[in-house]
Amino acid sequence: MEKKKVSKKNWIPVASFVGFLFIMTSIVGYYFSNYIIHFRLSENLKIENNSKAFEFLLNPPAAIYRKYYFFDVQNSVEVLNGKKPILIEKGPYTYRVEWHRKIENFLDKDKLNYSQSTKIYFEPSLSKGNQSDVITFLNIPAIGMINKKNMETIAVFLMEHFDTELFIKRTIKELISGYDDPLMDLASDYMPDIIKGEKFNLMNGKNGTEWQKFVINSGVYDPLNVGKIVSWNGLKKLNYWNSEKANQISGTDGTFYPPYLNRSSIIESYSPEMCRSYGLQYLRDNQINGVKTYDFHFPSDLFSASKLEQEGFCDGKCLGNGVLNISNCYGGVSGFISQPHFLNADEKFIQSINGLEPNKEIHDFLIHFEPTTGVPVAGNVRLQINFYLEPNQDIDLLKNIQPVLLPVIWFDEEIKLDLQTTEELSKVAFYVRLVTIIPVSMVSTGILLILVSSFFLLRNSRNQLNNKNAKKKIYLAEEARLFTNEQN
């Protein structure tokens with residue numbers, strides 16, 4: 001009988017010890033497992049010969065499609081007479097994109113030099129229309145000639161000589177692949193660094209040619225630096241803008257991003273199309289093909305006028321919110337970058353055109369990241385190209401035109417990782433969650449054991465105290481009874 005009482009009392013300190021052991025084991029296990037995962041992840045992110053990251057850089061395991069949406073001008077004659085442009089969006093005209101990369105050399109253990117070319121192939125089954133479709137499009141070579149400083153007199157002569165029109169009819173294939181234009185012959189001689197080839201095309205000679213050379217960090221010493229640009233086309237900083245900060249080439253090349261993302265992270269990349277670096281901010285939690293992601297997108301104020309002016313992206317005053325003047329890096333041509341359909345831009349740009357309907361769901365710049373590895377599972381890089389037209393009394397074509405920022409095309413470069421890589425990311429994410437869940441469960445169990453044992457310990461102590469008091473009362477009562485009997 002006594003043994004049974006002892007065993008009941010002994011389980012309480014045993015339970016407390018087991019609970020304490022659970023807590024200590026989980027803490028040690030959590031930090032050890034975390035170290036192992038971070039170590040393995042860091043090893044896999046290093047860009048070294050024959051590493052996974054090396055192969056990822058050369059042959060990204062992703063399907064890449066670029067969708068072009070063209071704005072077909074419906075009332076070109078009326079626009080020349082001062083009417084509001086009426087546009088109809090045509091597309092998507094979808095092209096499969098192939099990146100061809102070549103590692104030139106490793107400059108140091110933590111830096112490497114690679115070149116890149118892009119080749120596109122039309123995909124009829126994914127397109128809404130054919131390459132033979134004809135649209136009315138802005139004559140961009142003519143605008144380029146007009147905008148070129150100190151060339152107005154020559155531009156007037158050449159446009160009259162070649163009977164140049166402000167709006168031209170061209171097929172989609174001609175606009176993408178190129179068409180002969182006499183002004184381009186002159187422009188390629190005058191601006192060979194900017195105009196690539198004698199034919200005008202929206203790719204500007206970038207289809208199938210090596211036009212980008214990157215020096216990036218290999219992440220050997222610090223995985224947080226993997227893919228960060230050291231130089232682009234030999235430049236460590238740009239010379240297009242009016243401040244050191246604006247001219248910085250910061251962030252990654254768009255293939256690699258830093259691991260261990262959180263919802264307050266700002267993800268930086270460099271965009272040759274925008275001629276600047278930019279930062280993405282957190283939008284929401286999501287799930288893509290079974291992989292939990294953090295979705296990052298353009299901040300709504302990325303192209304705000306006050307911010308652009310403050311950071312040195314404008315010569316004097318900006319044109320307005322939501323548009324970025326990129327004429328300095330395109331030979332002086334009055335080109336502007338914006339989000340499609342002037343999403344997040346001033347209402348005045350939308351109201352000056354008939355046919356625009358900004359929609360965040362289909363026009364936002366959005367990338368889905370697996371947060372632990374920083375790998376983009378999918379994404380949509382969406383940008384619009386616009387040209388500013390204003391009246392010019394020296395040029396007949398522009399005498400009566402109303403000032404307008406005219407959209408000509410927007411593109412959606414869609415990227416999706418292949419299924420095998422997505423499944424591998426899903427496994428990594430599962431192991432990371434497991435490393436977090438198991439220690440938390442063990443700590444919870446340990447705390448529960450300690451609380452339960454503490455409760456029973458307190459209850460037993462109280463029972464013992466109550467028993468002691470009861471015995472004392474019985475003893476006092478017995479003493480009182482004996483005293484009463486003696487008196488009688």
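Predicted model: local features only at pLDDT ≥ 70, side-chain atom pairs only at ≥ 80, totals over all residues.

Biologist: OK. What percentage of the residues is buried?
Modeller: 46%, out of 488 residues in the protein.

Biologist: And how many helices and strands are there?
Modeller: The protein has 11 helices and 17 strands. If you take the contacts with a separation of 6 or more, 64% of them are between residues 24 or more positions apart.

Biologist: Which ones are buried?
Modeller: I140, P141, A142, I143, G144, M145 and I146.

Biologist: Switching topic: where does T255 sit?
Modeller: In the loop between strand 9 (229–232) and strand 10 (266–271).

Biologist: Is T255 buried or exposed?
Modeller: Buried. Its relative accessibility is 5%, and the cut-off for buried is under 20%.

Biologist: What does T255 touch?
Modeller: Leaving aside residues up to four places away in sequence, T255 touches F56, L57, R101, Y114 and P376. With R101 there's also a polar contact between the side chains, at 2.8 Å.

Biologist: Now the aromatics. How many aromatic pairs does the count come to?
Modeller: The count is 21 aromatic pairs. One of them is F54 with F106, which is stacked, with 6.4 Å from centre to centre and 15° between the planes.

Biologist: Where do F54 and F106 sit in the chain?
Modeller: F54 is in helix 2 (residues 52–58) and F106 is in strand 2 (residues 87–108), so to speak two distant parts of the chain, 52 residues apart. F54 counts as buried at 11% relative accessibility, while F106 counts as partly exposed at 28%.

Biologist: What about F336 and Y388, how are their rings arranged?
Modeller: That aromatic pair is edge-to-face, with the centres 6.5 Å apart and 65° between the planes. F336 belongs to strand 14 (residues 335–338) and Y388 to strand 16 (residues 375–389), so this pair also links distant parts of the chain, 52 residues apart.

Biologist: Which residues make up the aromatic cluster with Y68?
Modeller: Y68 is grouped with F70, Y93, Y95, F122 and F137 in one aromatic cluster.

Biologist: And which ring does R170 lie over?
Modeller: R170 lies over the face of Y179, 4.5 Å from the ring centre. There's also R276 over the face of F313, at 4.1 Å from the ring centre.

Biologist: Last topic, disulfides. How many are there?
Modeller: The count comes to 2 disulfides. C275 and C329 form one of them, with the sulfur atoms 1.9 Å apart. That link is right-handed, with 75° about the S-S bond.

Biologist: What does the link between C275 and C329 tie together?
Modeller: C275 is in the loop between strand 10 and strand 11 (276–288), and C329 is in the loop between strand 13 (323–325) and strand 14, so the pair ties together parts 54 residues apart in sequence. C275 is buried, with a relative accessible area of 2%, and C329 is buried too, at 13%.

Biologist: Which cysteine is joined to C314?
Modeller: C318, with 1.6 Å from S to S. The torsion about that S-S bond is about 70°, so the disulfide of C314 and C318 is right-handed. Both cysteines, C314 and C318, are buried.

Biologist: What's the pairing if you number the bonded cysteines in sequence order?
Modeller: The pairing is 1-4, 2-3.

Conventions. Residues numbered from 1 in each chain as written. Heavy atoms only, no water. Buried < 20%, exposed > 50% of the residue type's maximum accessible area, 1.4 Å probe, protein only. Helix = DSSP H or I, 4+ residues; strand = E, 2+ residues; numbered from the N terminus. Polar contact = N/O pair within 3.5 Å; in protein donor to acceptor, adjacent residues only side chain to side chain. Contact = heavy atoms within 4.5 Å. Phe/Tyr/Trp six-rings, centres within 6.5 Å; stacked < 30°, edge-to-face > 60°. Lys NZ or Arg CZ within 6 Å of the ring centre and 35° of its normal. Disulfide = S-S within 2.5 Å.
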